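This report describes selected local features of a predicted model. The sequence and structure are shown first, followed by the description.

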Amino acid sequence: MAITVRKFSNACYWITVVIITLFIALYLVFFRIVQDKVSNYPSPTARVGFYSHASVGSLFFLSGLIQFNSTLRRKYKTLHKISGYIYFALSILSMLSLIPILVGGSETGMSAWLVVILTGPLWLWANYLSYKAIINGDVTLHRRMNIRAFGFANSIIWMRPVVSILAAPWTVTSIDQVQPRIAEALKGGMWFTFLVGIMAVELFLYFEDNARAPLVTAAGIPFLTGQEKSMINFFDRNPFTPAKVSRVEMLNKSVLRVVFQLNGKAIITGLGEHISLRAKVNGKTTTRNYTPITTRSNMEAGLVELVIRLVPNGAMSSILQSSVTNDETKEPAVFEVSHCLEAFDYQANQHSLLLMAASGTGITPMINIARYILKNPADKTRIHLIFSIRNAEDAFLENVLQDLVQTSPSRFSNEIKYFLDGEVVTAESIRAFSSNKEACRILLSGPERFMVPLEARLVALDNTVPVFSFGISDR
């Protein structure tokens, strides 16, 4: 069985969940507090520091697990956002809680001082870059810096078995029970696990990048080029590329098609990937993520094509609406676009059938994925798309769907349902297109009110069929 990026990431996540749970319950609570009674922190100041650091650190790790849970992030965006603020605040408090430990004296000695002074600011810096990246709409850099910072913090847990191994030759339970100079040298080795933790995280990110790099289009062109790789560099402070509106049109009363011309490097998106659009008006910055429907040739020409539903009083909607009306009374927006690498995990021929259900502008990632799959002649996967819209006026990309049918009639089919006419998309109507013996996968995209009940019902019908939901938000 092939090890995909998603499978590897999930395995790492659940291993981390088990390790953190055991660390907090067994080592921290049972051994250090209940059994050992914090004996290595003799002074009251150090004890206060220990309990503060243990409490804050435990909450930090737990909030981190919420941050990295893909299901919670996709289904409960508000929870993910709130836990992110808590996670960032706890990272600062966990460093501050070390001060009374160091001032009051602890079993870690001079090596602890050196490690905190040298690595503490680096860790806070990684957390700050992660926070700053998501504020600026750079999901890729946010995720990578979060992985680095959380992996670095997990090195504290891995130190514990190292302590036991280092103390074993002296048949003692604590390093402090050996000769002081030897103890300090052993502690230096113990803190060396921080470097091992950093290297492990970088190897994971390297594996992730290389797992994406071999993916190519039908023409044999990799969607993650050297140029894109440079965009996710550790020190890349500004991944956004200046863009100007090349063409804009209203597809109906509330849906807009806009084409941006990039000033500089092209952005080549892959399977299910999205971009971040940033607009600056009157000193205020607004950032939203969208899935482009740009063809490969237009990508290479530096174009980015988006289909966006305008919502009343929406920040980005108001800015784009001004572009349509050419409102000269308002300051023109300065647009920038950034590439995000949060792609849909897909393997050619892994499933014989992809069942897609989309509502409204949720159609955009489905078109992106369908184009990618159908252009690969070696991929025999069939696709059936159900497009739910209010009425015929909302069938704004019907011509694109017809093109897909004409180019791949044996592999792509679609149906449009008008829910104002009572044509409701149900889990049963999605599954009706596949046989029980057929290996299929289901993709959902659209507003949460469309996806959440559908996904729950699909899982209830058959939990062996994988269901993937693309979260979108018009606000």
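## Two buried residues and a helix pair

S97 has a relative accessible area of 8% and is therefore buried, since the cut-off for that class is under 20%. This residue sits in the loop that joins α4 (77-96) to α5 (98-104). Its side chain reaches the backbone oxygen of S94 at 2.8 Å. S97 and S55 are separated by 42 residues in sequence, while their C-alpha atoms are 9.7 Å apart in space.

H80, by contrast in location, belongs to helix α4. With a relative accessibility of 17%, H80 also counts as buried.

| Residue | Relative accessibility | Contacts |
|---|---|---|
| S97 | 8% | G49, S52 and H53 |
| H80 | 17% | I66, Q67 and R73 |

The crossing of α2 past α4 is left-handed. On the α2 side, the contact is made by H53, V56, L59, F60, S63, G64, I66 and Q67. On the α4 side, L79, H80, S83, G84, Y87, L90, S91, L93 and S94 take part. The residues of this contact comprise eight nonpolar, nine polar and no charged ones.

Methods. Residues numbered from 1 in each chain as written. Predicted model: local features only at pLDDT ≥ 70, side-chain atom pairs only at ≥ 80, totals over all residues. Heavy atoms only, no water. Helix = DSSP H or I, 4+ residues; strand = E, 2+ residues; numbered from the N terminus. Buried < 20%, exposed > 50% of the residue type's maximum accessible area, 1.4 Å probe, protein only. Contact = heavy atoms within 4.5 Å. Polar contact = N/O pair within 3.5 Å; in protein donor to acceptor, adjacent residues only side chain to side chain. Left-handed = near helix turned anticlockwise from the far one by under 90°. Nonpolar A, V, L, I, M, F, W, Y, C, P; charged D, E, K, R; others polar. Lists of a residue's contacts leave out its neighbours within four places in sequence.
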